[in-house]
Amino acid sequence: MVITDPNPDERGTERWFTISSSPTQNDIQITTRLIEPKHSEFKKDLFHLKPGDSIEIEGPEGKFLLPDKAEKIVWIAGGIGATPFIAQMQYLLDSKDQQRDIIFLHGLRSLDEDPCKDIVQQCEEAMPNFKRIIILSQDTPSDWQGEHGYIDDKLIQKNVPDSSKRQIYVSGPEPMVDAMKDILLSIQVDEKNIHQDWFPGYKEKY
Ligand SMILES: Cc1cc2nc3c(=O)[nH]c(=O)nc-3n(C[C@H](O)[C@H](O)[C@H](O)COP(=O)(O)OP(=O)(O)OC[C@H]3O[C@@H](n4cnc5c(N)ncnc54)[C@H](O)[C@@H]3O)c2cc1C
């Protein structure tokens with residue numbers, strides 16, 4: 001996506017975004033974060049767009065897609081890295097493809113930054129083999145009973161004992177996605193079953 005700006009910052013006027021809507025929906029949707037107050041000039045321009053303004057878009061590109069129905073799946077996302085899975089959740093619901101076996105490990109710094117609470121709830125209600133596990137790394141409420149810290153080999157082995165038999169999709173900030181691949185290889189996941197989608201503008205670890 002390109003948004004014209006006569007005074008861009010050094011990061012420029014172009015960004016990549018995942019389409020977070022499903023092919024079953026009429027409108028194209030993206031999902032992103034505005035980090036106050038230290039956001040880029042691009043994000044300022046994006047959030048100031050009004051109906052009728054023009055932007056340039058290209059694409060779509062890439063092959064970060066749902067596998068065959070028979071495959072068991074793991075999704076691993078850091079924060080806003082859930083955007084490709086938001087599109088896929090909507091698609092599974094709309095196309096009544098509800099028997100998929102999906103374990104979604106979602107690293108969040110705080111519950112407030114969850115980008116997909118409502119659609120996850122719909123999937124958990126409609127899909128008997130769908131489960132999201134949130135791993136909180138920072139603002140853990142005092143009554144939090146779930147996972148906390150970072151996603152590591154032990155957490156994956158505990159929550160996904162059959163990880164070597166699943167297709168594993170990892171999406172999020174570049175350092176997190178790279179770290180996940182090393183962890184997955186160290187627990188004997190075959191490299192060909194690991195699929196990655198990097199969001200290079202973000203640096204969080206999750
Ligand atoms: C294939 C692909 C898919 C992607 N999909 C998505 C998506 O669905 N949603 C999404 O949000 N992003 C997505 N991204 C990442 C996206 O393209 C941007 O890189 C990201 O949103 C960060 O935007 P930004 O650079 O405007 O920084 P911001 O979001 O404004 O800030 C990110 C961080 O960079 C710091 N920062 C901001 N500006 C500067 C600066 N000038 N100098 C130094 N530090 C700065 C901020 O303080 C903050 O810590 C995707 C990237 C790729 C390659």
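Gln188 is exposed, having 8 other C-beta atoms within 10 Å; a residue counts as exposed if 12 or fewer other C-beta atoms, placed from the backbone, lie within 10 Å of its own. The phi angle of Gln188 is near 70 degrees, a positive value in a residue other than glycine. Gln188 belongs to the loop between α5 (174-186) and β6. Helices (H or I, at least four residues) and strands (E, at least two) are DSSP runs, numbered from the N terminus.

Lys96, although not a glycine, likewise has a positive phi, of about 55 degrees. Lys96 lies in the loop between α2 (83-94) and β2 (102-110) and counts as exposed, with 8 C-beta neighbours inside 10 Å.

## Basis of the model

This is a predicted model, in which local features need pLDDT of at least 70 and side-chain atom pairs count only at pLDDT 80 or more, while totals for chains, interfaces and linings use all residues. Residues are numbered from 1 along each chain as its sequence is written.

## Cis peptide bonds

Glu36 and Pro37 are joined by a cis peptide bond with omega of about -5 degrees. Pro37 sits in the segment before α1. A cis peptide bond also links Gly59 to Pro60, with omega of about 0 degrees; Pro60 is placed in the loop between α1 and β1 (73-78).

## Surroundings of the ligand

Of the 25 residues around the ligand, Trp16, Thr32, His39, Ser40 and Gly201 come nearest; a residue is near a molecule if its C-beta atom, placed from the backbone, lies within 6 Å of it. The elements giving two or more residues to this shell are α1 (41-47) and β6 (194-199). β6 gives the most, with 3 residues.

Methods
A residue is buried if 20 or more other C-beta atoms lie within 10 Å of its own, exposed if 12 or fewer, and partly exposed in between; C-beta atoms are placed from the backbone.
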